[in-house]
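Could you open the structure in your viewer and keep the selection panel handy? We will go from one stop to the next together.

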Amino acid sequence: MPQLTAVPLSWYLILSAILFALGIAGFVFRRNVITVFMSIELMLNAVNLSFVAFSHQLRQVDGQIYTFFVMVVAAAEAAVGLAIILTVFKNRQTLTIDEVSSLKN
Amino acid sequence: MDLIFFLLFASIAVGCGISLVVQKHPIASALSLIGVMGSLAVLYLLLGAEFIAAVQLIVYAGAIMVLFVFVIMLLNAAEEAPSRKTNWPSRLLGVPLLAVFVALLAYLFDKMSPSLGTVTFGAFTTGGKQIGRSLFNNYLLPFEVTSVLVLIAILGAIVLARKEID
Amino acid sequence: MNFFLISLIKTGIVAGAFMTTLAYLQWIERKVLAHIQSRLGPYRVGPHGLLQPLADVLKLTTKEGFVPSHVNVFFYVLAPFLAVLFALISICVIPFGPSVEILGVKTDLGLADLNIGVLFVLAISSVGVYGIALGGWASNNKYSLMGGLRSSAQMISYELPMAIALVSPLLLLNDLSLRTIVNEQAGYYLGVIPKWSILQMPFPQVFSFLIFLISAFAETNRVPFDLPEAENELVAGFHTEYSSLNFAAFFMAEYANMVTVTCMATVLFLGGWHPLWPAEYGSDYAPFALLAAGSAMLLFHGIVQPVRGRKWDRYSMPVAGLVFGALSLLFLLPALKPVLVPVFWFVAKAGVLLFLFIWIRGTLPRFRYDQLMNFTWKFLFPVAIVNLLITALAVALQGPKG
Amino acid sequence: MPNQPDLQLWLIPVFPLIGAFLNGTLGRNWSKGLIAGVAIGASALSFVWVVKTLSALGQLDTAHVERYFTWIASGDLNVGFDLAVDRLSSVMLLVVTGVGTLIHVYAVGYMDHDKGFWRFFSYLNLFLFFMLILVLAQNFLLLFVGWEGVGLCSYLLIGFYFLEKYAGDAAKKAFVVNRVGDFGFSLAMLLMVVQFGSLDMTKVFTAAKAMPVEAQSGILTAIALLLVVGACGKSAQVPLYVWLPDAMAGPTPVSALIHAATMVTAGVYVVARSSEVFLKAPLAMEVVAVIGLLTAVVAALIGTAQNDIKKVFAYSTVSQLGYMFVGLGVGAFSAGIFHVVTHAFFKALLFLGAGSVIHALHGEQDLARMGGLRSKIPITYWTLMAAALAIAGVWPFAGFHSKDAILLAAHAHAPWMFWVGVVTAGLTAFYVFRAIFLCFFGEYRGHAHPHESPAIMYMPLVILALLSVAGGYLPIMDWIAPLFPEAHEAHDMTLVLISVGFGLAGILAAYYVYVLKPGTAEASAARLGGLYRAIANKFYVDEAYDAAIVHPLEQGSRAVLLHGVEQVVVEGGLKGTVAMVRGFGGLFRHLQGGNIRSYAVYALLGAVVFLGLMVAKGGSQ
């Protein structure tokens, strides 16, 4: 039964869209810096999924390479970002982004 | 078989994603994110990207998220306090917009799907060998540059996070 | 369908063997430690305390699973589960023997053969942190938190030298599938020196083997790296608050990790199931000889010249001797020989390494935390990288494999 | 250009670039010897490479082009990174690298005691790099890069003693005035793109060739005139010459290299290079000629009344540049270029000599405090004398040939130009020799203890002296003449004699006034009165600019903007505006809440709209 074994590529894309939307939701609705950060990671993952899906469709390895790069950059980003969060927390004892707004006004 | 796996892990991923958003506690969110990543890794396997799947686990779940959990523990982050300032645009627009967003994308992809074709397990499998070959031939320069970037990031993290020793 | 059936059977066997090993590993450890410290160790339950593990399991299961009031229940329960899960998973990619034919069914000895076996193991071990970290955090107790943080930091730090130490043999064997890796190590130089990657030309992986072992100790939180549960500093570290089965889970996870790591070391460095010396010098009969010798000794001590000990030895030892003899004969059966002999060699190597673990635990003191970190970052990691570079150079000079 | 040999033209500019880079980055803690070695080595290497290239190219009847890579490709505009050598640029190359090397050598001695040694040589090499780019460029954009680059370097080097205010001011002045010209140049380029759809010289020129001669004015005239504006800025022509005299604030080798020998001739070079365009635009040619003539006269007049030796030579530079423009304007391009070359020789020599005088007098630049140095610094004296004779156009010195070529062409074009030119020549001779006499004759009026400069300084002087004596016999005109369709005038002996006569007359007058009867100068100055004061004050040009441009700008802006716009329009309109803005901003304030999350939402909104459009278009593919 081929239609049972074969998954349409579009489903993968839709899945990645859903995940991306969830990431945005987290980014928009959450107030904890770390959670927001994690939502960003979620978005990155969603994009990666579509990359890999396309690389499967095009029978090319490039998409996976991009995913690889995204991961590496995400790692770097996480390192720096978390360091920043640590420093911010050290200085103002809060993780709520709305309260870290001394540059505003 | 593929279909079953896909549906299973896709639903796991979505569920974890939702819980990432709705969970009040950072640790819970972190764990659900790890869940997403794990299921994504399985999906990568289904897509035949073995190497990427492994790296997904090692780098994301094994390194990045550990870092997150570590920081959360270190700061002993508590549950989110309800925010004082409400920013109405995100409140009002957010959810419907997201719904529309997903709906439109889904519609588009569905329209496209005949031209996109289907995914069959094992139709296209890439292990470390192909990745390595491509990475060190076509993508050598980006690779090197990325390594420099990572180095810089490490330095930056150290500089940021170290205590000022006077 | 056949495939599923066979896999099921194999899984059953492996799981059973694995669990028993875990249980008895603990007994062995206590015995060995006892003898290192010139004690007798468990002695009461069963002959020479052979039934001790059973008793322990009973005890742990019947204890009250006490959940402190101040903990975050969900994670508190989740943590040991995760720990055990990640500890057990990676056994399923380890090949115990060549692909053989039993009763007309051709199959591999070993559960699965992934193309990316090594990476898989790495991935699982890198995820393994969560169990401990979460446990420590969920216990909501500063000692446990410290233990959790320490262990996660330690594990992350030792991931790197471990991974790099893994990579350099991979350069020699140039494949990621564990089975292929073992096959690559078949054969002998000059007919006698085994081609294990710890001895393989162009650059024997002695250093990476040592580095791997050291980081393995850290990965499994064994002495001298058992800071997460340093009694005198942190009560009992991350499992201070755990009792009964949850505690048992952590305990099991630790031993499972030990076994997995030793198996990995065996596969990657010690040539898996390939015997120490070639078959034409009768390596196939080594297990028989060993067990036979054991049975002879037992019979001698049981019947001819009993040692002063429990009077039951007069009966238990001959029985054990007979069992050993029977086992040794098993190894002679042509039908089972191709299956059992490789497995024996594999188990023997892993066993030696496990003994090393226990031995070191009995010998070495514990590191201090800063020492631990300095050791990995300032010594282990650079050495691993240098070793990797040298290996790469050697491989490059040697040119592609013919 | 597949059929042409690859001669690695790019090496020519790259050598100095490397030198500049090394000195600029590492030079700070290098020994002077090493720095000088690197700098001189770089320029000498590129000189050698130029020679090698030219010898390899032989007759060079057609330009040798090397295309390296596409620099800008937008639409149908395609600008490549192309270098080219033809006879014209080959001459310039030789001059730039050759004279440049000599001046490098000289500078080692001159700058010996300077703390900014490494900085200086780094700049100097950088300048060489840009100048070579300018000369080698095969399209106008690349040429513009060099053009701006030399401007930058001249700015850096004029302001080399940036601790003194006047240096900084002079640098700024030069930069600003040059901007005016550059503006014209860039407009010219834009017009070219519009007209010819390309900046590649061969393309542009072939296209221009095809077009008819514009009787009145037209696109080509516009382009040409804009180019002239640029050239005026760079080559210090009226009305944009004011920056050059002040540029003498820089170290003397800089004045010699940049503000006499090479950079300031860039304008001439550009005009000659785009001769195709100019030949189609007679009006522009006329303008060039007139501008040149005017500059020559004005600068010469001012030069007669300057007391700073470098200022004198600066004005003479300006007027010589005027000569070159006259040459170009009357269609004697080869003569103009020839004059560029000879001028490079003797003017560099003049400046280096002046530098050596200044060096000898420990930084004294005022002619009033010199005199009688003939015996004290003989080598400098004789070399300077050679240069002076050359600039005075005395046979057989270099200046004679080129200047006569120009004057003859001028006569053929319009006799009055010839006469003005001749008079100017006399003036030039007069004030140059005035400087010479004041400096070397009579009795010493200063207090320092003059000493001859070290060999490393006077060797270049000697070489340049030989060049300015014999340089006139270089077959440069015949070499580049084929590039330009110009009528060769019959060598009219009388005219030659006239011009030489004027030169000699000027010399004699100077001798009479400043040696035989010192004091007549003051007397005559007194007699001339207002005129003299006007001349001495450079015709109040700077003041005029102040009055005409700078001051009105300030006043006007104060009056219009402050009192007019600010208080009437703004204050008045403010109330209403503010109210409006309030209301309006109230609407959009939330969009700018500084809340990144809401920004994200807007981004999302945009994405949704976009997707909606896609769906509406039904565009799945």
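## Stop 1: a helix pair in chain B

Select helix H1 (residues 2–22) of chain B and helix H2 (residues 26–46) of chain B: their axes come within 8 Å and cross at roughly 160°. Helices here are DSSP runs (H or I, at least four residues), strands are E runs of at least two, and both are numbered from the N terminus. Axes are lines fitted to C-alpha atoms, for helices over the stretch in contact, and angles run from 0 to 180 degrees between N-to-C directions. H1(B) and H2(B) are therefore roughly antiparallel to each other, a label for angles over 145 degrees, while under 35 counts as roughly parallel. Among the residues making the contact, show B:Phe5, B:Phe9 and B:Leu20 of H1(B) with B:Leu33, B:Val36 and B:Leu43 of H2(B); contact means C-beta atoms, placed from the backbone, within 7 Å. By class, this contact has 14 nonpolar, 6 polar and 1 charged residues. Ala, Val, Leu, Ile, Met, Phe, Trp, Tyr, Cys and Pro count as nonpolar, Asp, Glu, Lys and Arg as charged, and the others, Gly among them, as polar.

A word on the model: it is predicted, local features need pLDDT of at least 70, side-chain atom pairs count only at pLDDT 80 or more, and totals for chains, interfaces and linings use all residues. Residues are numbered from 1 along each chain as its sequence is written, and chains are lettered from A and ligands numbered from 1 in the order in which they are written.

## Stop 2: where chain A meets chain B

Now show chains A and B: 63 residues of chain A are in contact with 72 residues of chain B. On the chain A side, color H4(A), which gives the largest share, 22 residues. That side divides into 45 nonpolar, 12 polar and 6 charged residues.

## Stop 3: a helix pair in chain C

Next, select helix H3 (residues 73–89) and helix H10 (residues 244–269) of chain C, which pack at about 20° with their axes 8 Å apart. H3(C) and H10(C) are therefore roughly parallel to each other. Including C:Phe81 of H3(C) and C:Phe250 of H10(C), their contact has 11 nonpolar, 3 polar and no charged residues.

## Stop 4: chain D

Finally, bring up chain D, with its 25 helices and 2 strands. Of its 621 residues, 52% count as buried, that is, with 20 or more other C-beta atoms within 10 Å of their own.

Key:
Buried ≥ 20, exposed ≤ 12 C-beta atoms within 10 Å, placed from the backbone. Parallel < 35°, antiparallel > 145°, perpendicular 65-115°, else oblique. Contact = placed C-beta atoms within 7 Å.
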